[in-house]
Amino acid sequence: MTQAAFFVLTALADQPRHGYGILREVEDLSDGEVQLRVGTLYGVLDRLTADGLIVLDREEVQQGRLRRYYRLTDEGVAALDAEAERMAAGAGAAKRRLVEGGHAPVVPPLTGPGLAGGLA
């Protein structure tokens, strides 16, 4: 599963969304790391629809423009869950190997209001 497909499915996991809503949600979910272009989004939506992972939920006209809302199918829920499990297992394996290799985990320094001079 591509990164774009993973984030589109994740964006639809809690509720149906229209194209622009999916774009915003993907950007938020990925902390800005994934910024889909409109053409890429609709290519992903077409592929996920063809694979039976999402379906058209409804169409609404808002301010004279047609908005198509998509939602996950049961197969989409299962695919997203399986991919999330696969990614978590891979991340766990990487963390274990780092520890086994003697690499100390990277811990970001504590900073923020009231923490610059240390803990009180």
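A residue counts as partly exposed when its relative accessible area lies between the buried range, under 20%, and the exposed range, over 50%. Keep those cut-offs in mind for the views below, which all come from a predicted model.

View 1. Let's start with the overall layout. The protein chain has 4 helices and 3 strands, and from the N terminus on they follow the order α-β-α-α-β-β-α. Of the 120 residues in the chain, 27% are buried.

**View 2. Asp-57 and its two arginine partners.** Here Asp-57 takes part in a salt bridge with Arg-58, with N and O 2.8 Å apart. Asp-57 also forms a salt bridge with Arg-71, where the closest N and O atoms are 3.1 Å apart. This second pair connects distant parts of the chain: Asp-57 belongs to strand S2 (residues 54–62) and Arg-71 to strand S3 (residues 65–72), 14 residues apart. How accessible is Arg-71? Its relative accessible area is 36%, so Arg-71 is partly exposed. Asp-57, at 30% relative accessibility, is partly exposed, and Arg-58 is partly exposed as well, at 32%.

View 3. The side chains of Arg-86 and Glu-83 meet in a salt bridge, with an N to O distance of 2.6 Å. Is Glu-83 buried or exposed? Glu-83 is buried, because its relative accessibility is 9%. Arg-86, in contrast, is exposed at 51%. Both residues sit in helix H4 (residues 74–100), 3 residues apart, which is about one turn of the helix.

View 4. Where is Arg-17 found? Look in strand S1, which covers residues 17–18. With a relative accessible area of 11%, Arg-17 is buried. The side chain of Arg-17 is joined to that of Glu-25 by a polar contact of 3.5 Å.

View 5. Glu-33 is located in the loop between helix H2 (19–29) and helix H3 (38–50). Glu-33 is exposed, because its relative accessible area is 68%. Asp-31 lies in the loop between H2 and H3, and at 68% relative accessibility Asp-31 counts as exposed.

View 6. Gln-63 is not a glycine either, and its phi is positive at about 55 degrees. Which loop holds Gln-63? Gln-63 is in the loop between S2 and S3. Gln-63 has a relative accessible area of 84%, so this residue is exposed.

Definitions and conventions
Residues are numbered from 1 along each chain as its sequence is written. This is a predicted model: local features need pLDDT of at least 70, side-chain atom pairs count only at pLDDT 80 or more; totals for chains, interfaces and linings use all residues. Side-chain values use heavy atoms; hydrogens and water are left out. Helices (H or I, at least four residues) and strands (E, at least two) are DSSP runs, numbered from the N terminus. Buried means under 20% relative accessible area, exposed over 50%, partly exposed in between (1.4 Å probe, protein chains only). A polar contact is a pair of N or O atoms within 3.5 Å; within protein, one must be able to donate a hydrogen and the other to accept it, and residues adjacent in sequence count only if both atoms are side-chain atoms. A salt bridge is a side-chain nitrogen of Lys or Arg within 4 Å of a carboxyl oxygen of Asp or Glu.
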